[in-house]
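Please open the structure in a viewer and keep the selection tool at hand.

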Amino acid sequence: MSTTAPDPLAALSALPGVAEAVDSVRKSVDRVYGHRIMRRRSNEVTAEAALRGARGSAALSGADWNLEEVRRRSDFSGDDEARVVGAALRLTAEAGQLLSIWRQSPLRVLARLHLVAAGRAEPEDAVGRPRLAGERVDEPLIEAPLPDADEVAGRLDGLSALILSGTAAPALVTAAVVHGELLALRPFCSYNGLVARTAERIVLIGSGLDPKSICPAEVGYAEQGRAAYAAAFEGYLSGTPAGMATWIAHCGKAVELGVRETTAVCEALQRGAA
């Protein structure tokens, strides 16, 4: 007699409040995809969403530049903040190119994302691989205890297996778990927050929820603020049903705020003001 393997991500979908968050996100995303400007100028909307998403992700990592400064600058090799903004922009540009690899080898994608983020700012032997025992981690926002290198390796393998096995869970739930687990592990020596949020973006694109990448959750995280982000993440770390539901709902609210931002972009394009 055959048995069906448990689907832990689908189980999270049954937590109180999660179904409502999933439904609200789906309706919000559907509305912006139905905007008339998307029929004619979707490439412009995607490009603007990418820029705003990168700005939002960088802000969470300590480089809170205004949008026009991000748009104006071409050199991001100066100080630490400039390097963070440059890393966020590179990651956002890279996300859509990695969908097919993500479905086959999530760990290869994570390595690639860190390589793209770090560029030449990190020692070559520390880039694109999980951290080793004793290596320092630079993550300005998340202060939770760091899992050791062996735990990181094991949990990354588990996350990869979970993704590759497939799930009936909604895209929001899967994306929130990928994001939360990478924040918890902080598997690289640097840029873990940027990588985690980019991995979430890849899940949202690849799942079909946001195939054109026009709903930048990073905007929503930044709008809700670093303190709210860290507090919601504590819920993920707790592993309790209530904590996990809080984190998933926070991620859903971020997507909805990203949709609101993109809707404003669509309206501006329609008026000829952008």
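About 40 Å³ of space lies in the second largest cavity. The model on display is a predicted one. To surround this cavity, select Ser57, Ala88, Leu91, Thr92, Leu194, Thr198, Arg201 and Glu218, which form its lining. Helices H5 and H10 each supply at least two residues of that lining. Sorted by class, the lining of the second largest cavity has three nonpolar, three polar and two charged residues.

How many cavities of 30 Å³ or more does a search of the whole structure find? The search finds three.

**The largest cavity**

Next, select Arg197, Glu200, Arg201, Leu204, Ile205, Asp210, Ser213, Cys215, Pro216, Ala217 and Glu218, the residues that line the largest cavity. Its volume is about 60 Å³. Two helices, H10 (192-206) and H11 (217-224), each contribute at least two residues to this lining. Which of the elements gives the largest share of the lining of the largest cavity? That share, five residues, comes from H10. The lining of the largest cavity has five nonpolar, one polar and five charged residues. Arg201 and Glu218 belong to the lining of the largest cavity and also to that of the second largest cavity.

**Helices H10 and H11**

Keep H10 and H11 in view and turn to the way they meet. Two packed helices are described by the angle between their axes and the distance between the axes. The axes of H10 and H11 come within 10 Å and cross at roughly 135°. The two helices are therefore oblique to each other. To display their contact, select Arg197, Glu200 and Arg201 of H10 together with Ala217, Glu218 and Tyr221 of H11. This contact comprises two nonpolar, no polar and four charged residues.

**Helices H5 and H7**

Now select helix H5 (residues 80-95) and helix H7 (residues 106-118), whose axes come within 8 Å and cross at roughly 140°. H5 and H7 are therefore oblique to each other. The crossing in which H5 passes H7 is right-handed. On the H5 side, the contact is made by Ala87, Arg90, Leu91 and Glu94; on the H7 side, by Arg112, Leu113, Val116, Ala117 and Ala118. By class, six residues of the contact of H5 with H7 are nonpolar, none is polar and three are charged. Leu91 of H5 takes part in this contact and also lines the second largest cavity.

The last stop is the second largest pocket, which has a volume of about 270 Å³. Of the 14 residues that line this pocket, select Trp102, Ile163, Thr174, Val203 and Ser207, the closest to its centre. Which elements give two or more residues to the lining of the second largest pocket? They are helix H6 (99-104), helix H9 (171-185) and H10. The lining of the second largest pocket has eight nonpolar, five polar and one charged residues.

Technical notes
Residues numbered from 1 in each chain as written. Predicted model: local features only at pLDDT ≥ 70, side-chain atom pairs only at ≥ 80, totals over all residues. Heavy atoms only, no water. Axes fitted to C-alpha atoms, helices over the stretch in contact; angles between N-to-C directions. Helix = DSSP H or I, 4+ residues; strand = E, 2+ residues; numbered from the N terminus. Parallel < 35°, antiparallel > 145°, perpendicular 65-115°, else oblique. Left-handed = near helix turned anticlockwise from the far one by under 90°. Contact = heavy atoms within 4.5 Å. Nonpolar A, V, L, I, M, F, W, Y, C, P; charged D, E, K, R; others polar. 1 Å grid on protein atoms, 1.4 Å probe; cavity = no way out; pocket = protein on both sides within 12 Å on 5 of 7 lines; lining within 4 Å. Points joined across faces, edges and corners; volume = space filled by probe spheres on them.
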